[in-house]
Amino acid sequence: TMMILDGIDPSSIICLTFTNAGASEMKERIAMYVADINPDLNVSGLTVTTFNAYADAIVRKNYDKLGFTKEPTLIDDVERAGIIAELLNETYIDGLNYKMFSENSKYVKGALTMCTKAFDIIKRDNLSLGDEALLEEKIGLDMRFMSKTALPQLLELYAEYDNQLKSNNLIEFADQELLMFQLLAMDPYYLEQFNISHIIVDEFQDSSKMQIDLIKEFVDCPSFESLMVVGDDSQAIFSFRDTTPDYIINFFDVIETDDGSDFYLLENHRSTPEIIEFANKINALNEHRVVKDLIATRAHGKPVIVRGFYSGQQEYEYIADSIVKKISNGTPAEEIAYIAGDKYELLKMGSRLTELGIQWVMLNPEPVLENAKVIAAIELAKAFQQPNATSSILIYLNALYEGKLIDEGEAFMKDAIDELQSRIEDINTLSDEEKQEKFYELLLALDDDDELYQAFLETLKSIFFKCIKISSQFYALW
């Protein structure tokens with residue numbers, strides 16, 4: 001804001017962050033602050049964007065140079081899973097768990113899950129045949145869900161997957177930055193045309209090696225004048241995404257300059273002194289860090305209490321008893337929240353609360369492929385490929401009848417199965433466009449205001465308009 005007010009051209013400034021919400025909020029605040037002081041200033045030329053959105057804009061503008069025949073379409077996780085699953089069905093990979101194909105839990109990870117993880121690593125680290133040892137190292141503990149024999153096969157299958165995306169003008173989220181750097185390798189002076197002089201990076205501790213390289217590309221441009229990054233090494237938690245706190249701890253070495261200054265923003269306006277003092281003590285245990293202590297600006301509050309337990313069950317008992325006491329003392333149940341690390345812990349606590357006669361509701365994200373309606377939709381797609389797959393039809397119908405199909409009796413169930421089988425056979429004789437329409441109608445019949453399923457349907461709707469064959473990728477999810 002101060003730079004713009006001082007007369008710097010907004011089009012020479014780029015602000016980079018990591019989420020669309022963060023970028024929108026930043027742009028709105030800058031526009032608001034500038035308008036409050038000087039309403040005549042126009043900030044429309046200011047670039048406020050995420051790293052990926054910036055890369056995507058470059059890729060779309062230069063798609064032909066990158067080997068695409070038209071602007072590539074960004075695929076989502078569902079469509080991507082369909083493509084990978086179809087490849088796995090066509091090419092059997094020895095050493096993966098096909099019986100629990102799409103399972104993704106602490107204890108079981110199926111073929112689709114492990115192949116997807118391997119593809120992520122292969123893409124990120126640019127691996128190829130001969131890099132089996134490195135792939136094994138990067139997969140880490142999850143190697144217990146597959147055998148080493150799968151590694152070379154996965155590297156081969158990835159090449160086929162990558163070619164399939166390119167030939168269909170499709171890209172993944174991770175491809176945006178990779179493709180941008182392919183273009184920069186072809187045209188090292190490409191960024192100079194934008195005359196970016198001032199670079200500001202928010203949440204810098206989340207920067208990956210590739211994003212650091214993009215910052216360096218801007219710094220190397222003749223128009224460069226200043227770089228400012230804002231971040232906190234203590235919040236660098238995305239090591240799985242190729243980030244490290246080293247980038248902010250050793251910032252000047254990473255950017256390869258000694259011409260700069262550190263400014264510490266230590267005041268914390270969110271938490272009480274008791275919480276901040278406790279956080280400072282924990283943070284001080286980390287030997288590899290920027291040495292700093294936060295300062296609380298809020299009034300004093302309650303002390304931080306830490307309790308240790310010999311077992312998880314003792315912990316659940318203590319928390320449940322504490323909830324009972326709070327409710328007995330007049331605290332409304334809806335004002336009490338229990339926060340845990342995973343769904344298993346929530347269910348354990350919920351079970352204990354039920355035993356104590358306390359009503360509770362669980363609020364936690366549900367994986368798309370674990371939603372009952374989505375599972376039923378996948379089974380319907382399978383039934384279109386195999387009309388005699390009675391079990392798939394039964395799963396769809398059971399979801400349609402809200403899990404109460406068996407209550408209708410055996411005769412009703414048989415008639416419903418026969419009727420749907422006949423309907424599917426009739427639909428399969430229609431044109432591709434009519435098939436899509438009728439298939440989507442059957443999917444809509446499952447909708448009962450389930451937000452996750454509705455989002456899934458919206459995704460499928462966009463896929464339908466891109467696919468020629470009904471449910472070809474969708475069916476492969478199974």
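Reader: How many helices and strands does the protein have?
Author: The model is predicted: local features need pLDDT of at least 70, side-chain atom pairs count only at pLDDT 80 or more, and totals for chains, interfaces and linings use all residues. Residues are numbered from 1 along each chain as its sequence is written, and side-chain values use heavy atoms, leaving out hydrogens and water. Helices (H or I, at least four residues) and strands (E, at least two) are DSSP runs, numbered from the N terminus. On that basis the protein has 20 helices and eight strands.

Reader: What share of the residues counts as buried?
Author: Buried means under 20% relative accessible area, exposed over 50%, and partly exposed in between (1.4 Å probe, protein chains only). The C-alpha trace spans about 80 × 70 × 55 Å along its principal axes. Of the 478 residues, the buried share is 38%.

Reader: What part of the contacts with a separation of 6 or more comes from residues 24 or more positions apart?
Author: Contact means heavy atoms within 4.5 Å. Among contacts in the protein with a separation of 6 or more, residues 24 or more positions apart account for 70%.

Reader: Which residue of β2 is the bridge partner of Cys15?
Author: Two strands pair if DSSP finds at least two bridges between them. Strand β1 (residues 13-17) and strand β2 (residues 47-50) have four, in the parallel sense. Within β2, the partner of Cys15 is Val48.

Reader: Which residue of β5 stands opposite Ile14?
Author: β1 also pairs with β5 in the parallel sense, over four bridges. Strand β5 (residues 198-201) is covered on both faces, with His198 and Ile200 buried on one side and Ile199 and Val201 buried on the other. Opposite Ile14 stands Ile199.

Reader: What kind of ring pair do Phe119 and Tyr158 form?
Author: Rings of Phe, Tyr and Trp (its six-membered ring) pair if their centres lie within 6.5 Å; planes under 30 degrees apart count as stacked, over 60 as edge-to-face and the rest as tilted. By this rule there are 14 aromatic pairs. In one of them, the centres of Phe119 and Tyr158 are 5.3 Å apart and the planes stand at 75°, so the pair is edge-to-face.

Reader: How far apart in sequence are the parts that this pair ties together?
Author: Phe119 and Tyr158 are both buried. Phe119 lies in helix α5 (residues 111-125) and Tyr158 in helix α7 (residues 150-167), so the pair ties together parts separated in sequence by 39 residues.

Reader: Is Val254 buried or exposed?
Author: Val254 lies in helix α11 (residues 251-255). Beyond four places in sequence, Val254 touches Ile212, Lys216, Asp246 and Tyr247. With a relative accessible area of 16%, Val254 is buried.

Reader: Is Phe173 buried or exposed?
Author: Phe173 lies in the loop between β4 (170-171) and α8 (175-186). Leaving aside neighbours within four places in sequence, Phe173 is in contact with Asn52 and Leu74. Its relative accessible area is 52%, so Phe173 is exposed.
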